[in-house]
Amino acid sequence: MRTRIAKEFRWEMAHRLPYHSGGCQNLHGHSYSAWVELEGEPDPQGMVLDYLELARLMQPIVQELDHAFLCDESDALMCEFFRQHPHFKVVYVPFATTAENIAAYIARRLARELSRYSNLCRLRVRVQETERTFAEVQLELPLADSPTTP
């Protein structure tokens, strides 16, 4: 019987959307959370995936993003700033740093790790950027080879 499980992960991160006409063009940060939901057939012990294993797979992603500035590689102003100030923690990505793209980025990275579990059929990642906003992506597993960009 197909079953779904989910686990929440949290981190603090800054970004900006330079093309945005509202406040988001400014440097700002969020207390992000991501709900990672897996669907699949439970193993003989009754688990879709051990929550500890899911945490182990997500830990490098959360550690990379936590207390970092997520910088779109096309944001010339911020790239130059961080080149001049190399002591800041920066993660460069080839996409606009919207909640939608962050959710897709996490989902694709995680899907590659989850490909070895033949009992899994679906992955959903919901990235909550504020108390009242989120973006969600869903991938069918196993994931065909695809780039890590959204």
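**Reading the model**

Analyst: Gladly; let's begin with Leu70. Leaving aside neighbours within four places in sequence, Leu70 is in contact (heavy atoms within 4.5 Å) with Met13, Ala14, His15, Leu65, Val91, Val93, Thr97 and Ile102. This is a predicted model, in which local features need pLDDT of at least 70 and side-chain atom pairs count only at pLDDT 80 or more, while totals for chains, interfaces and linings use all residues. Residues are numbered from 1 along each chain as its sequence is written, and side-chain values use heavy atoms, with hydrogens and water left out.

User: Is Leu70 buried or exposed?

Analyst: Buried means under 20% relative accessible area, exposed over 50%, and partly exposed in between, using a 1.4 Å probe and protein chains only. Leu70 has 2%, so it is buried. Its place is in strand S3, residues 68-72; strands (E, at least two residues) and helices (H or I, at least four) are DSSP runs numbered from the N terminus. The C-alpha atoms of Leu70 and Tyr92 are separated by 6.1 Å, although these residues are 22 apart along the chain.

User: How do I read the sides of a helix?

Analyst: An α-helix has 3.6 residues a turn, so residues three or four places apart point the same way. In helix H2 (residues 76-84), Met78, Cys79 and Phe82 are buried. They cover an arc of only 100° around the axis, which puts them on the same side of H2; the arc is that of the directions from the helix axis to the C-beta atoms. Ala76, Leu77, Arg83 and Gln84 are exposed on the other side. The buried residues of H2 pack against S3 and strand S4 (90-93).

User: What span should helix H3 have?

Analyst: The expected span is 1.5 Å times one less than the number of residues. For H3 (residues 99-114), with 16 residues, that gives 22 Å, and the end C-alpha atoms are 22 Å apart, which agrees. H3 is mostly covered, with 12 of its 16 residues buried, including Asn101, Ile102 and Arg109.

User: How many disulfides are found in the whole structure?

Analyst: A disulfide is a pair of cysteine sulfur atoms within 2.5 Å. The search finds 0. The cysteine sulfur closest to that of Cys71 is in Cys79, but at 3.9 Å it is too far for a bond. Both cysteines are buried: Cys71 has a relative accessible area of 0%, and Cys79 has 6%.
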